Amino acid sequence: MQGSWAVLKKNCVNFFPGMLLFAKESQQAFATWQKIYNRGYTHGPQEFHEQSETYSPDFWKRGHSQDKNMWVDKNLSEEVSQKEIAQLMRIKVDVWRMSHVAAATVVFGGYALPFALFWLANDTWTPSVLNATKEEKKAWLEAQDLYRYRSTPSYITDTKWYFDFHAYPFTPVQERAWDDLFEKNDVRRDPNVIRPAAEMYDGFIKFETIKRKSLRHLSRCMNIPTFPMLTRMCNSTRVRDYWNLAWNEDYMVITQKLHEKMSDEELADYAWRRFLAPTDKELTRDQIMERVQDYHTFLGPKFVEEGKAPNLIILTNYVLGYYNDPAFLTEDIASLDGNDYEYMQHLGKDAFLRRLEFENGPLRDQVEAHTQKLIAERAAAQESAQPKVEA
């Protein structure tokens, strides 16, 4: 997240052209969103019309229900294309980022200028429209991936530890699915094996019960700003909107086999928005296609038949597993061999021992240096005081 002069210069040069492009694409994205929104209330089920927050008196729970507040429109392709949904997903994330920056000017006024310079000096939170060339877009994607690499291990670990304690799998099939779900990024995880875990947790671990800490981790993994998150409703709505659009696009892609007709760049973009293809891995088309097909398999047969997606918490852990790279840990394993309480060793010594260590350590060196200085000064004074003998 550190800024650089090169990135600041690039973003300042591309700022006004980027804002013009953003205004144009925002109008197109808003028209797409309006079509999807209107279809939700003309063709969606009754429970989708009545979507709202959920609250349970037995424990604190406030969020959006995956079953009630999300709906896959099987006939959406009659009015909206797959490319339009892809554009809307990208613009939505850009709007969320820019709204946070704009809010800083309201809160801090003119003092927000340093925040704006920091915002433009790194690609972590800048919108995608501030990249004109292919090289700039690649660098921007790499910056996004670095933030995903940084945030993903904490989200996955938090999920595993929390569910290991509260709802460990019951059968050997579910236990194997649970263990395979958390394999590291370059290990292929069989979607047919992992699906039982999603089906198991879909019964009682709903998305609206996600903890605030886990939701913050998940938002950062998805490159959604969380500073500040304000309420859980704020970011749970953003996560819900993102995946609701993704699943509508997935339904078009699966039923019409659009992924087989996409260009290499379009397929890579589709997989990247599903967190399946980190840029630094430089995957081939066949490798990306394998991950996309595994992802479609993980969505399951009910997704095509009924529009029902698997548990969102388990799904995000599955796709973000491609960013669960231990190579990005900053700690050194050699530190485990050291004394955990080394910094407290001085508390085990009495005042006499600490005084001896001080007198025979830095104090002794200081006294010796001071003494040598005094001797040198005295010798110089005596030499200058002696009368000079003429030859």
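These notebook entries record what I looked up in one predicted model.

**Entry 1. Ground rules.** I noted that the model is predicted, that local features need pLDDT of at least 70, that side-chain atom pairs count only at pLDDT 80 or more, and that totals for chains, interfaces and linings use all residues. Residues are numbered from 1 along each chain as its sequence is written, and side-chain values use heavy atoms, with hydrogens and water left out.

**Entry 2. The chain as a whole.** I looked up the secondary structure and found 16 helices and two strands; helices (H or I, at least four residues) and strands (E, at least two) are DSSP runs numbered from the N terminus. Of the 391 residues, 45% count as buried, where buried means under 20% relative accessible area, exposed over 50% and partly exposed in between, with a 1.4 Å probe and protein chains only. Among contacts (heavy atoms within 4.5 Å) with a separation of 6 or more, 71% join residues 24 or more positions apart.

**Entry 3. H9 and H10.** I then turned to helix H9 (residues 212-221) and helix H10 (residues 232-256), whose axes come within 10 Å and cross at roughly 45°. Axes are lines fitted to C-alpha atoms, for helices over the stretch in contact, and angles run from 0 to 180 degrees between N-to-C directions. H9 is therefore oblique to H10; angles under 35 degrees count as roughly parallel, over 145 as roughly antiparallel, 65 to 115 as roughly perpendicular and the rest as oblique. The crossing is left-handed, meaning that the near helix is turned anticlockwise from the far one by less than a right angle; clockwise would be right-handed. On the H9 side I listed Arg-212, Leu-215, Leu-218 and Ser-219, which meet Arg-232, Asn-235, Ser-236 and Val-239 of H10. This contact has three nonpolar, three polar and two charged residues. Ala, Val, Leu, Ile, Met, Phe, Trp, Tyr, Cys and Pro count as nonpolar, Asp, Glu, Lys and Arg as charged, and the others, Gly among them, as polar.

**Entry 4. H11 and H12.** I found helix H11 (residues 264-273) packed on helix H12 (residues 285-299) at about 40°, with axes 10 Å apart. That angle makes H11 oblique to H12. H11 contributes Asp-264, Leu-267, Ala-268, Tyr-270 and Ala-271, and H12 contributes Arg-285, Ile-288, Met-289, Val-292, Tyr-295 and His-296. I recorded eight nonpolar, one polar and two charged residues here.

**Entry 5. Cysteines.** I searched for disulfides (cysteine sulfur pairs within 2.5 Å) and found zero. Cys-12 is partly exposed, at 41% relative accessible area, whereas Cys-221 is buried, at 0%.
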